[in-house]
Amino acid sequence: MEVPTTRRGVGSAPEAGTARERAKAARRRELLAAAAALMAERGFAGVRLEDIGAAAGVSGPAMYRHFSGKQDVLAALLEEISEYLYDGGRRVAQERADDPRQALHDLVDFHVDFAASEPDLIRVQYRDLWSLAPESARRVRRLQRQYVELWADELTRLGGDPVENRATVHAVFGLLNAAPSLPALPQPRLRALLRDKALAALGV
């Protein structure tokens, strides 16, 4: 199964519309990438909207063409990646509806790709989820719960207690999302290590 890369999911939309609209969408992706890097390094409180613009070569006032403020940037980062993960996980589950074991293998591959390629977003999620406005925080948590349930449902199809399976999935996410904190490893080795440990924890 070909797994879509996270970078196509975060801050991106289908490439449609006029050249001007496509250019604006591309600039927005650049701004979100710069925001993720800065917030991962300094934290949400330590980054100004002007800092994000400067990192992407955009003036402070021009930032407001894309975002209403710093809270809007954080919401875009965390809502869009949560939506991407849930949508991608749901697609895997649908494609492997007749094979829960293979579905779990594909879900692990999908999440390993995210964990290995988007360390900044993981750091921002863990540090600054609590800085989201209440409505955005509720949306992110809802999407995350739905993503957990996708995995737990596949594990339960293979047997075991649903509550215990849900706890196992949370533990596996803790393992995978620890990728940014692990000692530096070549990407192929990191991905193989994460995949092997996650599959072992799931018992598949």
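A salt bridge here is a side-chain nitrogen of Lys or Arg within 4 Å of a carboxyl oxygen of Asp or Glu. With that in hand, here are the views.

**Figure 1. Arg42, Arg48 and Asp51 form a network of salt bridges.** The model is predicted, so local features need pLDDT of at least 70 and side-chain atom pairs count only at pLDDT 80 or more, while totals for chains, interfaces and linings use all residues. Residues are numbered from 1 along each chain as its sequence is written, and side-chain values use heavy atoms, with hydrogens and water left out. Across the whole structure, the search finds 13 salt bridges.

**Figure 2. The whole chain, for orientation, has nine helices and zero strands.** Helices (H or I, at least four residues) and strands (E, at least two) are DSSP runs, numbered from the N terminus. Read from that end, the order is α-α-α-α-α-α-α-α-α. The radius of gyration, taken over C-alpha atoms, is compared with a globule rule of 2.2 Å times the number of residues to the power 0.38. For 204 residues, a compact globule would come near 17 Å, and the chain has 18 Å, which agrees. Along the principal axes, the C-alpha atoms fill a box of roughly 55 × 40 × 35 Å. Contact means heavy atoms within 4.5 Å; of the contacts between residues at least 6 apart in sequence, 70% join residues at least 24 apart.

Figure 3. Accessible areas come from the Shrake-Rupley method with a 1.4 Å probe, and for residues only the protein chains shown count as cover. The chain's accessible surface comes to about 10400 Å², and 52% of it belongs to carbon and sulfur atoms. A residue is buried under 20% relative accessible area, exposed over 50% and partly exposed in between (1.4 Å probe, protein chains only). Buried residues account for 46% of the 204 in the chain. For charges, Lys and Arg count as positive and Asp and Glu as negative, with His and the chain ends not counted. The place of each charge is NZ of Lys, CZ of Arg, CG of Asp or CD of Glu. There are 29 positive and 28 negative side chains, and the centres of the two sets lie 4 Å apart.

**Figure 4. Arginine 195 and aspartate 109 join in a salt bridge.** The closest N and O atoms of the two side chains are 2.6 Å apart. Arginine 195 sits in helix 9 (residues 187-202) and aspartate 109 in helix 5 (residues 100-117), so the pair ties together parts that are 86 residues apart in sequence. Arginine 195 is partly exposed at 28% relative accessibility, and aspartate 109 is also partly exposed, at 27%.

**Figure 5. Glutamate 149 meets arginine 166 in a salt bridge.** The N to O distance is 2.6 Å. Glutamate 149 belongs to helix 7 (residues 134-157) and arginine 166 to helix 8 (residues 162-176), so this pair ties together parts 17 residues apart in sequence. Both ends are partly exposed: glutamate 149 has a relative accessible area of 27%, and arginine 166 has 29%.

**Figure 6. Glutamate 154 and arginine 157 pair within helix 7.** These residues are three apart, about one turn of the helix, and their salt bridge has its closest N and O atoms 2.7 Å apart. Glutamate 154 is buried at 5% relative accessibility, whereas arginine 157 is partly exposed at 42%.

**Figure 7. Aspartate 128 is buried yet has no salt bridge.** This residue is placed in helix 6 (residues 119-128). The nearest side chain of opposite charge, arginine 127, is 4.8 Å away. Leaving aside neighbours within four places in sequence, aspartate 128 is in contact with Met39, Gly43, Phe44, Leu74 and Leu78.

**Figure 8. Phenylalanine 44 is in the loop between helix 1 (19-42) and helix 2 (49-55).** Its relative accessible area is 9%, which makes phenylalanine 44 buried. Beyond neighbours within four places in sequence, the contacts of phenylalanine 44 are Met39, Lys70, Gln71, Leu74, Asp128 and Ser131. Phenylalanine 44 and leucine 74 are 30 residues apart in sequence, and their C-alpha atoms are 7.9 Å apart in space.
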